[in-house]
Amino acid sequence: MPAELPIVDRLRKRRDFLAAARAERAGVTSFLLQGRDRRDEGDPRLGFTVTKKNGNAVVRNRIRRRLREAARLVLPLAGRKGFDYVLVARSHCLHAPFQDLVRDMERAVARLHAAKKSSSHAHSPDSKTSSAPADGGRPA
């Protein structure tokens, strides 16, 4: 019998979803992954957004179950401690083969953390954003 993967904590409060929406993003065919560093050492947490555009309640719940299982397989291995992740489902998620969802999840998590690493270097105080003089180069 294979070892049981841990279940990831769920996001439940609106403020947590809004904070994740303002953070890093990585889009793939099946969903958009939003991720926020809480700056603590707690376990990763996961939230889902599946809108009525995706279908009725039965369809939305099926999408949510598929995403939850893909996240259960990927996040314990690829996710980081102290992060909140929100999956915003797209309609493609319903009919995509499950292995594609798992691959999309792996790719999205990797891209999200790569974007986080590169954006932290881009906004460092040592980096110069413009080499042009502040006065536009005109003589005084």
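Here is a short chat about a predicted model.

Biologist: Hi! What should I know about the numbering and the model?
Modeller: Residues are counted from 1 along each chain as its sequence is written, and side-chain values use heavy atoms, with hydrogens and water left out. The model is predicted, so local features need pLDDT of at least 70 and side-chain atom pairs count only at pLDDT 80 or more, while totals for chains, interfaces and linings use all residues.

Biologist: Thanks! What pattern does the protein follow along the sequence?
Modeller: The pattern reads β-α-β-β-β-α-β-α-α, with four helices and five strands. Helices (H or I, at least four residues) and strands (E, at least two) are DSSP runs, numbered from the N terminus.

Biologist: How much of the protein is buried?
Modeller: Of its 140 residues, 34% count as buried. Buried means under 20% relative accessible area, exposed over 50%, and partly exposed in between (1.4 Å probe, protein chains only).

Biologist: And A70, where does that lie?
Modeller: A70 is in helix α2, and it counts as buried because its relative accessibility is 0%. Leaving aside neighbours within four places in sequence, A70 is in contact (heavy atoms within 4.5 Å) with F98, L101, V102 and M105.

Biologist: How far is A70 from D100?
Modeller: Their C-alpha atoms are separated by 9.6 Å, and the two residues are 30 apart along the chain.

Biologist: New topic: is R12 buried or exposed?
Modeller: R12 is exposed, because its relative accessible area is 66%. R12 is found in the loop between β1 (9–10) and α1 (14–21).

Biologist: Great, cheers!
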